Amino acid sequence: MDFSDDEADDMAQFVDNFHFVDDRNEPITFCDLPICWTGEANPESLEKQIFLQGTADGGLQPIYKPVISWKFELLDKEPRILVFSKEKSWIKLLKPRKSYEPTIRTVLITLSALHYLKRNPDTLVEPFWDRLRKLFSLYEVKPSVNDLIDHIALINDAVKHDETLSESKFLQAFLQNPSMAEASNEDVYTALIAKKSKFVVDDDDEELDGAFGDEGEDGDEQETDLFDSAIQNFLCENCKHKQHQCYVCGILGSSDKENQPEVLTCVSALCGYFYHPECVSKLLFPENDAEAEEYKQKIFAGESFTCPAHQCSMCKERENKDVHELNFVVCRRCPKAYHRKCLPRRIAYEVSEDAEAVRAWDGLLPNNRILIYCLKHQIESYGTPKRNHIKFPHGEQSKIFERQDLLSDKGKTLLKKRSAPSGHFISETTFSKKPKLAEKVCLPIKNSTTVLKRKMGKPYVADERKDIHGHKTEKLRSAASLVLDSETKDRILTLRKSISETITLKDVIRSHTIPSTYPNFLKNVDKSISQGKVDRFVEACRTAIHMLEKNGRVEEARAVCQPNVLTTISKWRNKLKVYLAPSLHGLRYTSFGRHFTKLDKLQEIVDKLHPYVQNGDMIVDFCCGANDFSCLMKKKLEETGKMCNFKNFDLLSPKNDFNFERRDWMTVRRDELPAGSKLIMGLNPPFGCKAYLANKFIDKALEFKPKLIILIVPPETERLDKKREAYDLIWEDDQKLSGRAFYLPGSLDVDENQIEQWNNRTPLLYLWSHPEWTRKHKNIAYEEHIYPQKCHISCRVADRGRTT
């Protein structure tokens with residue numbers, strides 16, 4: 001960490017606006033490079049090529065270099081990251097590219113954590129998290145313990161190489177029990193925070209992101225998360241009221257899909273802009289009114305559409321992300337796009353004879369796109385068009401416009417009257433920096449009619465009206481009067497208040513308690529997955545498939561459903577399977593259902609294990625399933641004249657209740673079981689995703705310091721000789737549980753036979769010994785003629801076993 005190798009360090013180049021890509025030009029984190037610690041040599045080359053892109057010399061010199069390793073330093077006011085190029089020189093990284101920040105978010109948090117702990121090794125949990133939250137306050141998701149868990153191997157290596165970090169009490173506690181190194185859910189896991197205005201050009205340009213309210217991002221996001229109460233949803237005013245702006249005319253319209261929406265979204269998965277059918281049709285067919293009218297009727301009839309933002313305004317062709325010159329240049333204020341090669345000269349990066357103002361900025365958007373303001377928008381003195389384009393329902397926009405007027409040094413009263421196209425209701429709003437001035441908002445006719453009829457108190461059956469485009473609609477109304485007398489109204493309000501006071505969120509969460517293995521696990525779910533995003537991506541895939549089935553162009557289908565959309569959906573599917581497991585499979589330990597070990601396999605394990613058991617020992621099965629193992633072991637021990645105790649835990653009661661306790665293994669205390677010298681623990685824990693649950697069960701078992709641990713676990717499970725309090729391997733078998741070694745409980749085929757379960761990967765059968773009893777247990781293994789070679793393990797493991 002505090003590296004001593006100074007080769008070429010003084011001459012190290014500084015690279016700003018950096019990001020890393022692989023040989024396929026896909027974004028990749030620099031953590032995929034091997035890290036270079038003090039005294040270690042850098043590798044000569046890598047099998048997988050990784051390239052650094054960025055700028056140097058104040059943005060004048062573009063950088064594109066292959067790199068082979070990285071390191072970090074913690075001596076300055078903030079952590080420094082350096083990469084080693086193939087030219088044998090260290091390159092210091094400054095600020096990452098804006099679109100690249102999410103890719104390296106977790107490693108930046110981890111390095112900042114190490115930097116703070118090195119300077120404050122005695123810090124407590126709460127000050128530590130307060131510091132990280134302050135450093136990353138602009139991020140949508142606050143730092144959490146999961147960010148550190150993602151890089152626990154890096155933290156572990158850093159502690160080994162740095163004496164100061166090794167003395168940190170926080171890191172000692174974290175490495176021993178990562179899930180507990182946190183202040184509280186309420187403090188740390190507030191997932192979404194109010195976003196600060198994002199900067200488009202520079203720090204003084206407060207251009208609000210998502211100007212036209214993306215329902216795909218926030219709308220329809222109705223996640224009900226009883227498993228992690230700290231996850232909170234943020235809905236903008238547009239999404240709350242289902243009122244969004246048309247990206248062409250800027251007028252608000254209803255986006256409620258269940259009640260004749262006035263504005264509809266573009267079907268492209270990565271778009272999310274809203275349009276009136278009439279507005280988007282005129283843009284797509286500007287020179288043919290007949291075709292525009294026909295297309296508008298198709299949209300009204302439910303046909304999806306792709307907006308003009310997905311084709312070049314000059315050549316009318318689609319974007320090709322594989323060709324640099326065919327990457328898109330997109331306007332931030334309207335659905336206008338160009339290819340890089342088609343960009344008009346008047347839209348430039350700097351003022352010139354052809355361009356009176358700066359209108360283009362590269363490096364701010366992902367996928368090598370350029371952000372522009374097209375010639376339709378006049379650039380003001382503060383570097384952007386007027387910031388009065390955002391509208392919220394119910395007058396919320398006036399507050400934002402007033403603030404933006406002050407930012408642009410325009411304190412004058414602005415009266416805006418916009419004449420709406422045919423069928424659009426007129427919105428008339430008064431804006432003033434004096435808060436006493438009232439704002440006038442003319443509601444849509446449908447709302448005013450309803451209010452008027454309610455005031456009259458007369459029954460009505462049907463309301464025939466015209467929508468914003470002149471189409472007749474008829475909406476059935478209740479035949480009963482909507483007027484209530486004051487006494488009835490008071491009774492209803494009192495009843496509602498009394499009921500609402502009896503139900504609290506804490507009560508609801510308490511009634512949906514789940515095993516302690518789940519809460520920390522569920523925090524690994526991607527909080528950026530929302531219902532709106534999922535619906536939009538799925539709809540884009542369906543539309544693209546439909547287009548191809550009708551012999552449409554591949555380029556058109558690609559514009560609707562980009563290749564990375566399919567990859568994202570696949571990732572979401574895997575994450576949501578784990579996230580929804582408690583609901584889909586009930587209160588079970590495993591993520592994807594229970595799998596029990598077959599009796600014949602258990603009998604073989606019993607025959608192999610019983611010589612190590614002594615009189616008076618207690619055998620603990622921490623996830624007993626059908627509770628067969630203890631019964632078989634008891635029978636075997638009685639045959640050999642040994643008397644032992646048994647304890648079996650699980651969440652679901654088996655038919656055989658021999659010494660069974662329905663109990664969450666994670667809640668068992670040390671004083672409830674004998675000393676470790678009398679304990680033999682383990683067997684078949686739940687695996688979980690990437691052996692997460694198996695590791696949790698093993699870590700819990702190690703708290704009791706048993707003399708023997710017998711395990712059936714997947715290969716990716718952390719080995720016990722790698723733990724902080726390491727155990728010694730007695731033997732390991734990677735063949736005994738191959739093939740049909742498990743079955744699904746309660747599942748029968750057509751002949752009422754138990755369904756057997758094939759293994760995709762063979763689990764390992766381990767026997768581990770506490771170091772104090774290793775010599776004795778190894779002697780027993782040799783007496784039973786159990787040698788590493790017979791267990792089908794590698795010579796490397798065998799040699800390590802002999803030298804233990």
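These notebook entries record what I looked up on aromatic rings and overall build in a predicted model.

**Basis.** I number residues from 1 along each chain as its sequence is written, and side-chain values use heavy atoms, with hydrogens and water left out. Local features need pLDDT of at least 70 and side-chain atom pairs count only at pLDDT 80 or more, while totals for chains, interfaces and linings use all residues.

**Whole chain.** I noted 24 helices and 27 strands in the chain (DSSP runs, numbered from the N terminus: helices are H or I of at least four residues, strands E of at least two). Of the 804 residues, 46% are buried (under 20% relative accessible area, 1.4 Å probe, protein chains only).

**Aromatic pairs.** I searched the whole structure and found 24 aromatic pairs. Rings of Phe, Tyr and Trp (its six-membered ring) pair if their centres lie within 6.5 Å; planes under 30 degrees apart are stacked, over 60 edge-to-face, and the rest tilted. F84 and W90 form a tilted pair, 4.9 Å centre to centre with 55° between the planes. Both F84 and W90 are buried.

I then looked at F622 and W665, a tilted pair at 5.5 Å centre to centre and 50° between the planes. F622 lies in the loop between strand 19 (618-621) and helix 21 (628-639), and W665 in the loop between strand 21 (660-662) and strand 22 (679-683), so the pair ties together parts 43 residues apart in sequence. F622 and W665 are both buried.

**Cluster.** I recorded one aromatic cluster formed by F18, F20, F30, W37, W70, F72 and Y100.

**Charges over rings.** I found the charged end of K71 over the ring of W90, 4.2 Å from its centre (NZ of Lys or CZ of Arg within 6 Å of the ring centre and within 35 degrees of the ring normal). The charged end of K608 sits over the ring of W731, 4.2 Å from its centre.

Definitions and conventions
Buried < 20%, exposed > 50% of the residue type's maximum accessible area, 1.4 Å probe, protein only.
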